[in-house]
Amino acid sequence: MREGNSLHLMIRITNCLQTILELEPQIEKLELGKDLLKEFEQLKSFLSKVNHIDLQEDDVVRIEHATASFLDELKGPLAVLERGGAEPRFLQ
């Protein structure tokens, strides 16, 4: 059963990473996208190695939550892009 659970965890984490990577074309258009695109190379590298990593449920849950938060943060800027408006600027 351990192998089946590992496969399930790998599928879940792969789904998170692929979901983020699918947004690359839209993120490239965002002002903040240039900084994020550097991280995409690391995500791609991690995705290619995920089947060799010993995944734990807690780790996958954290990544799922982080993915959901990231997608939630992008909703506003991506919605503005879809409407063809100027991207809102963020204060840091």
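Tutor: Let us begin with Thr 67, which is buried because its relative accessible area is 7%; buried means under 20% relative accessible area, exposed over 50%, and partly exposed in between, with a 1.4 Å probe and protein chains only. Please note that this is a predicted model, in which local features need pLDDT of at least 70 and side-chain atom pairs count only at pLDDT 80 or more, while totals for chains, interfaces and linings use all residues. Residues are numbered from 1 along each chain as its sequence is written, and side-chain values use heavy atoms, with hydrogens and water left out.

Student: Which helix does Thr 67 lie in, and what does Thr 67 touch?

Tutor: Thr 67 belongs to helix α4; helices (H or I, at least four residues) and strands (E, at least two) are DSSP runs, numbered from the N terminus. Not counting residues up to four places away in sequence, Thr 67 touches Cys 16 and Ile 20, where contact means heavy atoms within 4.5 Å.

Student: How many helices and strands are in the chain?

Tutor: The chain has 4 helices and 0 strands, and its pattern along the sequence is α-α-α-α. Of its 92 residues, 27% are buried.

Student: Which residues make up the largest nonpolar core?

Tutor: That core has 11 residues: Leu 17, Ile 20, Leu 21, Leu 23, Ile 27, Leu 30, Leu 37, Phe 40, Leu 47, Leu 74 and Leu 78. A nonpolar core is a set of buried Ala, Val, Leu, Ile, Met, Phe, Trp, Tyr and Cys residues joined through side-chain atoms within 4.5 Å. The elements giving two or more residues to this core are α1 (2-21), α3 and α4. Apart from it lies another core, of 5 residues, including Leu 9, Ile 13, Leu 55 and Val 60.

Student: What is Phe 40 in contact with?

Tutor: Leaving aside neighbours within four places in sequence, Phe 40 is in contact with Ile 20, Leu 21, Glu 24 and Ile 27. In α3, Phe 40 is buried, as are Gly 33, Leu 37 and Leu 47.

Student: And Phe 46, buried or partly exposed?

Tutor: Phe 46 counts as partly exposed because its relative accessibility is 29%. Phe 46 also lies in helix α3, and, with neighbours within four places in sequence left aside, its contacts are Ile 13, Leu 17 and Ile 53. Phe 46 and Leu 17 are 29 residues apart in sequence, and their C-alpha atoms are 8.8 Å apart in space.

Student: Changing topic: which residues line the second largest pocket?

Tutor: The lining consists of Leu 17, Ile 20, Leu 36, Glu 39, Phe 40, Leu 43, Ile 63, Ala 66, Thr 67 and Phe 70. On a 1 Å grid over the protein atoms alone, a pocket is an open set of points where a 1.4 Å probe fits, with protein on both sides within 12 Å along at least five of seven lines; lining residues have an atom within 4 Å of a point. α1, α3 and α4 each supply at least two residues of this lining.

Student: What about the loop residue Gln 56, where is it found?

Tutor: Gln 56 is found in the loop between α3 (33-49) and α4 (57-83). Gln 56 is partly exposed, because its relative accessible area is 37%. The C-alpha atoms of Gln 56 and Met 10 are separated by 9.5 Å, although these residues are 46 residues apart along the chain.
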